[in-house]
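Q: Could we go through this structure together, one topic at a time?
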Amino acid sequence: MDRIVIHGGERLMGSVSISGAKNAALPIIVSSLLTEGWNLFHNVPDLADITTIKKMLTSLGAECEGAGSLGVNAGSIKNCEASYDLVKTMRASILVLGPLVAREGRARVSLPGGCAIGARPVNLHLKALREMGAEIELRDGYVDARVSRLRGAKIYFDISTVTGTENIMMAATLADGTTILENAAREPEVVNLARVLTDMGAKISGAGTDRIVIEGVTSLRPVEATIIPDRIEAGTFMIAAGITGGEVKILNCDPSHLEPLIAKLTETGMIIDSIPGGLHVRGGEKIMSVDVKTLPYPGFPTDLQAQMIAMMTVGSGISVITETVFENRFMHVNELMRMGADIIIEGNSAVIKGMRKLSGAPVMATDLRASASLILAGLVAEGKTEVSRVYHIDRGYERIEKKLSSLGARIERIKD
Ligand code: UD1
């Protein structure tokens, strides 16, 4: 298994180009299942999760060609089963459920099970499909769904769910009648998917608000579309600039998707300006401690919580970071404490006493964003930090060590 080794202490300087958003690319690639013929998607990031979704689509009978510009043709679907082997490596595989049921009238998709950051059930996806007329049984660890044709329905999501909203929005495009999603997720990735579906011929209004209305149509056509920039990758590099007191241009990002983070980092003392195509971010000598609460968009993203905790370990005072989206998303805290961080977990909050000098240590990545926080801590720690289990980071960050080293970090990947 590969490891990432960092020698801390360098200020990051220069510019970095942000890749396409993993969480937008996944549902958009899956949306090909609603069409017959070649779709072409640009700005697709080169990530392990993208390889997994390509494998998934291929296993269903679709053809996938290319990488950064990816062609997908789901002209013939030979199989409606998403196996446990693929779903267990990536929970977002559940996204094939809605499109398969909508197009083929049936699907058998492995249940994802728990994961490192919480129970993460898919009950809201299933409840919505039932309300649209699907018969759903849970058998042998699989969801078995059947319907002759889905019908439009009024769906209320008890909790704002990103992939739940995407799954049901895709299903509803080919349903009979109108579907209304209340308390829908408002994330930019949902909006990107809605735009692609609309280009395919779907009738969708309200994406980006908590009420999305989808009028079903009988068929969709293939499209050419571009994936939005990854706001979580952009945010991670902004925090990397801040934690090292550096100065970095974040290129190919969309600042309008980063407002909650820009607001918080400005409170820490960073100076952040818009420039053509992105942001110019500068860290100060001192990092002011701030309090953060994660929330669904447009609140502060849970996917940047771990990185923010890493930054607060070297803040000027006490910071309280509260996680409200997932119930167990503090796995990185124990590893950060091995590097000298002073953190207490109180319920769903982490209380971080700043003014620490972190020292390098061997640490273990436990999930995707946790691994990013350990790398950030390694950038300011004294001495050598060695992050193992970096396959987690390869799921969501394209060549992170190359991008950081181009900014002056002393970081390398050791292949075992
Ligand atoms: C997506 C993102 C992930 C991000 C998360 C929250 C993708 C591929 N992944 O994950 O990076 O961290 O949004 O922004 O886009 N819930 C239920 N029942 C359900 C569905 C969700 O109780 O049927 C709960 C979850 O356990 C969680 C909350 O709702 O507590 C939000 O989860 P959700 O938005 O669904 O996360 P994902 O879509 O899995």
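Q: Which domains does the domain assignment of the chain give?
A: The assignment gives domain 1 (3–19 + 229–414) and domain 2 (22–226); such bounds come from an automatic or database domain assignment. Please note that this is a predicted model, in which local features need pLDDT of at least 70 and side-chain atom pairs count only at pLDDT 80 or more, while totals for chains, interfaces and linings use all residues. Residues are numbered from 1 along each chain as its sequence is written, and side-chain values use heavy atoms, with hydrogens and water left out.

Q: How far apart do the C-alpha centres of the two domains lie?
A: The C-alpha centres of domain 1 and domain 2 are 30 Å apart.

Q: And how many residues are in contact between them?
A: In domain 1, 24 residues are in contact with 20 residues of domain 2, where contact means heavy atoms within 4.5 Å. About 1800 Å² is buried between the two domains, and carbon and sulfur atoms give 51% of that area. Buried area is the accessible area (1.4 Å probe) that two parts lose on being put together, summed over both.

Q: Turning to the ligand, which residues come nearest?
A: Of the 18 residues around the ligand, the nearest are Asn123, Thr161, Thr163, Asp303 and Val325. A residue counts as near if one of its heavy atoms lies within 4 Å of the molecule.

Q: Which domains does the shell draw on?
A: Domain 1 and domain 2 each supply at least three residues to the shell around the ligand.

Q: What lies 2.5 Å from an oxygen atom of the ligand?
A: That is a polar backbone atom of Val325. An N or O atom in the side chain of Thr161 is 2.6 Å from a ligand oxygen atom, and for a polar backbone atom of Pro121 the distance to a ligand oxygen atom is 3.3 Å.

Q: How much of the ligand does the protein cover?
A: The protein covers 87% of the 740 Å² of accessible area that the ligand has on its own. Accessible areas come from the Shrake-Rupley method with a 1.4 Å probe; for residues, only the protein chains shown count as cover.

Terms used: A polar contact is a pair of N or O atoms within 3.5 Å; within protein, one must be able to donate a hydrogen and the other to accept it, and residues adjacent in sequence count only if both atoms are side-chain atoms.
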